[in-house]
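Welcome! Take a moment to look over the sequence and the 3D picture, and then let us walk through a few places together.

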Amino acid sequence: MKRKILLTAVLIIFGILVYLLLYGRLFPLSPFVTGFNKQEYQRVIIYYQSARISQFGSIDSLIQVVEKSHQLNFRHKVEIFICDSDRQYHRYTGATARFITTPVHGRIFVSARAKDDYENQRIHLETYLKHELSHSLLYQNMSLFLSLQYPGWFMEGLATYSAGQMGVDGYLTPRETAAKIREGYFVEPKDWGTIISPKGKTIKEITIENKFHFIYAEFALIISDLIQTQGENRFWEFLQKSMDEGDFYQLFFQTYGMDFESYIKYFRSQFN
Ligand SMILES: [Zn+2]
């Protein structure tokens, strides 16, 4: 009897796991893809449902651009999933943002809202894709273990900066961002947390219109400052090492000769 109960429990858990992998939240990790059509390009695989994907075909040419702007190469083809419904998109990713890139395979998910916004010319698809490709590139170059603790502010800043997203689709320009910082608005980068940690105080409490547009722009401005004031080569070296070594802030100290808090103090002092 006991064995029967145990066996049933194991079967139920196995069933749930299979369901989550094929149709639910574990889909981004799943080696099996069902429910999508597949179009393979040289550097990209696009999974779509009924979407007209002609506009997504040009993603292939973005791959090289993104590799060049990060001095880093993709390790395998980028998989992009274009969802027909936002419910399904949410079921797979748990996300509410238009796009999300998940670790492990660096898979990029495109919501129905994003597709609709693009088709109605409300967003610049290429810019958003370059942003997500930046995440995908980093995820492809780090372990799952590291991706869980990698600083989110750095990923968002680098993606926003490298995609040339400042000043596009509501994101603040460098000048607008600087003006806001001068007015006293600032979030602590570390408060952005990681994939698994919650957001900190300054992120939760900042009261500014379209706060995520400001926050991403602030992080991008920090990346821009690091590159411009501390040296471009040093930055690429730092990026490379940060994906191999565990302690991001220890590496920051070794690379830049000051701890991150001191650097942020210096960064903010430029806006006094
Ligand atoms: Zn992002």
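Is E188 buried, partly exposed or exposed? E188 is partly exposed, because 13 other C-beta atoms lie within 10 Å. Here a residue is buried if 20 or more other C-beta atoms lie within 10 Å of its own, exposed if 12 or fewer, and partly exposed in between, with C-beta atoms placed from the backbone.

Keep in mind that this is a predicted model, where local features need pLDDT of at least 70, side-chain atom pairs count only at pLDDT 80 or more, and totals for chains, interfaces and linings use all residues. Residues are numbered from 1 along each chain as its sequence is written.

**Around E188**
- E188 sits in the loop between α9 and α10 (201-205); helices (H or I, at least four residues) and strands (E, at least two) are DSSP runs, numbered from the N terminus.
- Leaving aside neighbours within four places in sequence, E188 is in contact with G200 and T202, where contact means that the C-beta atoms, placed from the backbone, lie within 7 Å.
- E261 is 73 residues from E188 along the chain, and their C-alpha atoms are separated by 9.5 Å.

**Helix α2**
- Helix α2 (residues 59-70) has 12 residues and should span 16 Å at 1.5 Å a residue, which agrees with the 17 Å between its end C-alpha atoms; the expected span is 1.5 Å times one less than the number of residues.
- I59, I63, V66 and H70 are the buried residues of α2.
- Just after α2, Q71 takes a positive phi of about 55 degrees.

**Helices α9 and α11**
- Helix α9 (residues 174-182) packs against helix α11 (residues 211-230) at an angle of about 105 degrees, with the axes 10 Å apart; axes are lines fitted to C-alpha atoms, for helices over the stretch in contact, and angles run from 0 to 180 degrees between N-to-C directions.
- That angle makes α9 roughly perpendicular to α11, a label for 65 to 115 degrees.
- On α9 the contact is made by P174, T177, K180 and I181, and on α11 by F214, A217, E218, L221 and S224.

Conventions: Angles under 35 degrees count as roughly parallel, over 145 as roughly antiparallel, 65 to 115 as roughly perpendicular and the rest as oblique. Two residues are in contact if their C-beta atoms, placed from the backbone, lie within 7 Å.
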